[in-house]
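Morning, everyone. I'll take one structure today and go through it piece by piece. Please have the viewer open.

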Amino acid sequence: MFDRDNSRTRNHKKWIILIVAIVMSILLSGCVEEPKVYRVGVLAGLNYLADITEGFKDEMTRLGYVEGENITYDVQSTDFDMDTYQSIVQGFIDDDVDLILAFPTEAAVVAKETTEGTDIPVVFSFAFIEEIDLIDSVLEPGGNITGVRYPGPDVAIKRLEIMLELAPDAERIWVPFQRGYPSIESQLNAMRPIAEEAGITLLDAPVDDAAEIEAELEELAESSDDGVGIDAILLLADPISVTPDAIVAMGKFAEEHEIPLGGALIEADGYGTIFGVNVDIIDAGKKTAPLADKVLQGTPAGTIPVVSGETFLQINYTRAQDVGIEVSDSLLNQANEVIR
Amino acid sequence: MQTLTQESHKTRSLTATLAWALFALSVVMLLVSGGLQMFSNFQTQREAISNRQQIIAQDASRRVSAFIQEQFSILETAIRLTDLTAASSVEREETLGSLLGLHLAFRQLVLLDAQQEELTRVSRLSEVGSGRLGDRLDSDALTQIRQEGRYISPVYIEPITSEPMVIMAVPETTILGEFQGTLVAEVNLKFMWELIADIKIGEQGLAYVVDRQGNLIAFSDVGRVLKGENVSYLHTVEEFINNPSTYTKTDVSTYQGIQRNRVVGTYIPLETPDWAVVTELPWNEAYREVIQEAILSTIIILVMSILAGLLGVFVARRLAVPLVDLTQTAAQIAGGDRNLQAVVEGPSEVVRLATAFNSMTAQMRDLIGNLEQRVAERTAELELKAADLARANQYKSEFLASMSHELRTPLNAILTFNELLAIGTFGPVNDEQVDYLQKSLQSGRHLLSLINDVLDVAKIQSGRMKLFIEDGFDIKQELKDIVASTEVQLRDKPVTLVTEIDPEFPPMTCDKRRVRQVLLNLVSNAVKFTERGTITLVARKRGDEVLFAVIDTGPGITQEDRIIIFEPFVQTEDGIRHAGGTGLGLPISKSLVEAHGGRIWVDSTPGQGSKFYVLLPLSQDQVDRTTESQS
């Protein structure tokens with residue numbers, strides 16, 4: 001009889017323990033899962049575009065990725081150094097980051113090539129896609145890559161059209177660019193038909209640095225009868241156009257000879273350009289964030305369509321007046337930003 | 001005690017039954033009340049969600065409409081303030097350029113004259129890259145521009161960027177309404193995406209815009225817009241497609257949303273353009289309060305159930321423990337400890353029960369005490385009577401044995417003298433005298449036989465029957481003699497004697513006289529009762545035993561008679577009718593067979609005959625050479 005009572009007591013205890021365990025497991029079920037902390041490697045390949053990172057981070061924060069809490073960034077900056085690009089990307093691969101953000105074009109290309117064979121996705125920003133082996137198509141980029149494109153050919157054409165509006169009598173336009181830079185050809189190819197239709201000669205000038213620019217310009221001036229040899233200097237979207245020394249060299253020459261210098265709006269040591277057609281850098285960074293979000297949430301990067309960056313027109317009206325360039329009201333009205 | 005334990009395994013205890021009943025009652029009540037509360041909350045929340053979703057969707061639709069209206073307003077303002085078609089090309093370029101700078105959504109602006117010839121064009125991007133907008137306006141569009149004052153084209157995808165575009169156009173007319181030209185704008189709808197992305201619907205809700213064909217126009221996931229995804233498979237989008245633009249949805253639907261999760265959603269049609277804004281809120285978020293309340297209610301129900309269970313156990317124990325004690329006391333009393341008394345405590349009903357139980361056990365003790373005394377007295381009386389009876393039986397047997405012996409001695413003398421007389425020892429006797437002497441001898445022998453039987457029974461009953469076991473008894477020869485004498489008896493009867501004697505029948509170890517007596521008794525019974533047919537005598541070896549069988553085709557023996565034929569001094573009616581006698585043959589045979597360690601039995605069908613079987617051991621190793629038969 002007593003054995004039976006003991007057995008019954010034991011059974012009651014088992015039931016109580018079981019019920020308490022179920023209640024506790026229900027109560028504690030939401031407390032055990034640790035949130036994943038994503039690690040993003042950022043290859044900032046050009047100092048001029050450093051704000052892309054800030055735009056990207058800001059938008060990622062808005063999307064719920066709080067730095068230090070559920071995401072960490074390993075930002076590696078360099079200034080157009082292909083070898084460094086590769087070692088940085090390799091470092092990201094060794095660290096097994098969850099995603100690589102790379103900009104501009106050449107950094108994106110290196111990131112794509114170096115990560116081939118790994119499962120690390122690449123999201124690019126401010127990158128040309130024309131005539132470069134970066135993506136298959138805008139809608140289906142393919143591989144493990146997607147990003148925000150830089151509408152290079154359109155921007156190049158628009159720069160040329162505005163330059164022609166500012167210097168309607170121009171016949172020879174000097175076009176310096178970084179020697180060997182991958183996106184140059186697509187820009188030149190886009191501009192050539194326009195120039196031909198307008199009877200303009202585009203003088204291609206591949207250079208490596210400011211000194212070479214200076215030398216090239218001197219040579220042009222010396223070889224010309226009127227001491228200038230060119231009617232305008234048009235910058236392309238490439239590293240040399242945002243190098244301060246190069247801007248100083250070209251700005252000094254343009255001011256001295258009262259010819260327009262434009263394409264990308266930039267100032268250096270009191271010299272600068274009179275207009276710029278470009279993509280908003282911070283906006284490009286912001287546009288990259290939703291793509292990164294989708295990738296981090298599991299969507300294969302190669303299936304996410306490439307987004308286009310938004311172009312805008314800036315005019316430095318003061319500098320235009322300084323070099324005696326008249327800017328029409330129509331152009332001023334079109335400008336998204338006018339510096340007076 | 002054992003019975004109680006067994007029953008406790010089969011039936012649930014009172015404590016468990018009460019505890020479970022209280023627990024189940026509490027749980028059912030909690031579940032019903034909790035369920036009703038949750039259902040009520042769900043209905044209330046559903047209505048609230050519907051209202052909230054409607055408000056959010058209307059706000060979202062106003063934003064999208066405002067975006068479109070803003071573009072139209074800019075174009076119409078420019079047309080009203082400036083006589084564009086009459087202005088110089090410089091003025092026109094300035095105006096259109098201003099418009100281009102005014103809003104990033106304008107990708108391209110074109111002014112057409114009354115004949116649809118392009119007067120001026122400004123573009124955000126290259127002139128070459130942009131197509132001719134005028135070519136995108138067909139006759140229907142031009143008619144709509146002139147008649148309705150506004151036109152917005154279906155959405156188309158820009159081939160390079162895959163971004164959705166629309167053409168918006170407004171007419172320029174004189175003050176008298178004369179048509180002068182058209183201001184056409186290519187509007188990039190991606191600038192609407194931010195509006196949509198900025199719409200806050202709860203924490204994870206979202207909004208998107210679709211056209212009448214279900215194509216995605218604006219959505220926070222721009223990749224899907226760029227891919228030109230058609231989402232007409234979604235429930236609300238399907239509703240929009242199937243209903244006219246004047247139809248206003250007044251409730252929310254639950255369905256698989258655009259992000260493949262379960263959502264509650266609704267839509268608001270814009271009318272112009274023919275789009276709809278769809279808002280979706282994840283079901284989990286929409287019903288979070290209900291879910292939280294449900295979880296809380298479930299936890300409360302669980303906790304209350306546990307408490308109810310514990311309370312049930314407590315109450316049940318309080319009620320049942322005195323009963324369990326009473327049961328234990330009853331079990332111990334049943335086990336023999338009759339002096340125990342139940343503990344009188346607990347609820348009043350149990351106290352009354354325990355008191356009544358104690359009273360009952362007291363009475364029972366008295367009764368049992370009296371009963372035991374009376375049983376002891378009766379037992380003593382019976383033992384005395386049994387002893388008297390045994391003694392009387394002993395005296396009877398001794399008397400019978402003695403009397404039989406005393407009877408046999410003069411009877412043998414009479415028979416001897418009769419035989420001597422019959423053979424003429426004492427002088428010649430005539431035939432008539434011989435005949436009388438023979439009848440006298442026959443009667444005397446019969447009397448001697450009866451006396452011998454009585455003597456045997458007396459010996460058996462007094463336990464003084466002795467067997468004289470001998471080895472090497474050739475039963476086959478004995479059987480032949482029995483057959484020979486039986487055939488003589490059957491001379492005048494149509495009865496055939498059949499023998500089935502095993503030729504390899506081995507010699508037996510037994511009291512041969514008694515075995516012969518048994519077999520003769522069985523065969524002579526068969527002869528007496530069988531009027532026609534056969535009598536079969538069977539003798540077979542069966543392992544270490546021998547089986548004798550006497551099978552006749554006589555009248556057979558009824559079931560009732562088969563029970564009594566082995567009882568001494570009992571005869572069946574058939575037995576009395578056919579043979580008379582003492583009825584001692586079979587009881588003596590039974591005693592003799594059993595004294596040999598064997599067995600005798602009968603199998604009979606009335607009207608068909610009887611089969612008597614005797615099974616004897618071949619050897620008598622386990623039997624004393626001289627042993628007493630058992631009565």
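**Two chains, piece by piece**

Start with E470(B): this residue is partly exposed, at a relative accessible area of 36%. On the cut-offs: buried is under 20% relative accessible area, exposed is over 50%, and partly exposed is in between, with a 1.4 Å probe and protein chains only.

Now the ground rules. This is a predicted model, where local features need pLDDT of at least 70 and side-chain atom pairs count only at pLDDT 80 or more, while totals for chains, interfaces and linings use all residues. Residues are numbered from 1 along each chain as its sequence is written, chains are lettered from A and ligands numbered from 1 in the order in which they are written, and side-chain values use heavy atoms, with hydrogens and water left out.

Back to E470(B). It sits in strand 13 of chain B, residues 470-473. What does E470(B) touch, leaving aside neighbours within four places in sequence? M508(B), T509(B), C510(B) and K512(B). Contact means heavy atoms within 4.5 Å.

Another pair in chain B. L25(B) belongs to helix 2, residues 14-81. L25(B) counts as exposed, at 52% relative accessibility.

Next, the domains of chain B. The assignment gives domain 1 (82-188), domain 2 (401-458) and domain 3 (465-628). Those bounds come from an automatic or database domain assignment. The centres of domain 1 and domain 2 of chain B are 164 Å apart, taken over C-alpha atoms.

Now strand 6 of chain B, residues 179-188. Is it covered or open? Mostly covered: nine of its 10 residues are buried. Strand 1 of chain B (residues 106-113) pairs with strand 6 in the antiparallel sense, over seven bridges. Two strands pair if DSSP finds at least two bridges between them. In that pairing, V110(B) stands opposite V184(B). Strand 5 of chain B, residues 164-173, also runs antiparallel to strand 6, joined by nine bridges. There, V166(B) has V187(B) as its bridge partner. Strands 5 and 6 of chain B form a hairpin with five residues between them. In the turn, G177(B) has a positive phi of about 90 degrees.

Over to chain A. It has 11 helices and 15 strands. Its radius of gyration is 28 Å, whereas a compact globule of 340 residues would come in near 20 Å. That radius is taken over C-alpha atoms, and the globule rule is 2.2 Å times the number of residues to the power 0.38. The C-alpha box is roughly 125 × 40 × 35 Å along the principal axes. Of the 340 residues in chain A, 56% are buried. Contacts in chain A with a separation of 6 or more are 70% between residues 24 or more positions apart.

Two sheets in chain A. One is open, with four strands in the order 7-6-8-9 and parallel pairing. Strand 7 (201-207) and strand 9 (261-262) of chain A stand at the edges with a single partner each, so one side of each has no neighbour in the sheet. Strand 6 (residues 172-178) and strand 8 (residues 232-234) of chain A run parallel, joined by two bridges. W174(A) has I233(A) as its bridge partner in strand 8.

The other sheet is open too, three strands in the order 12-14-15 of chain A, with mixed pairing. Its edges are strand 12 (275-279) and strand 15 (337-339) of chain A; each has a single partner strand, so one side of each is left without a neighbour. The twist averages 20 degrees from one strand to the next. Axes are lines fitted to C-alpha atoms, for helices over the stretch in contact, and angles run from 0 to 180 degrees between N-to-C directions. Strand 14 (residues 311-316) and strand 15 of chain A pair in the parallel sense over three bridges. I315(A) has V338(A) in strand 15 as its bridge partner. Helix 5 of chain A, residues 152-166, packs on this sheet and touches strand 12 and strand 14.
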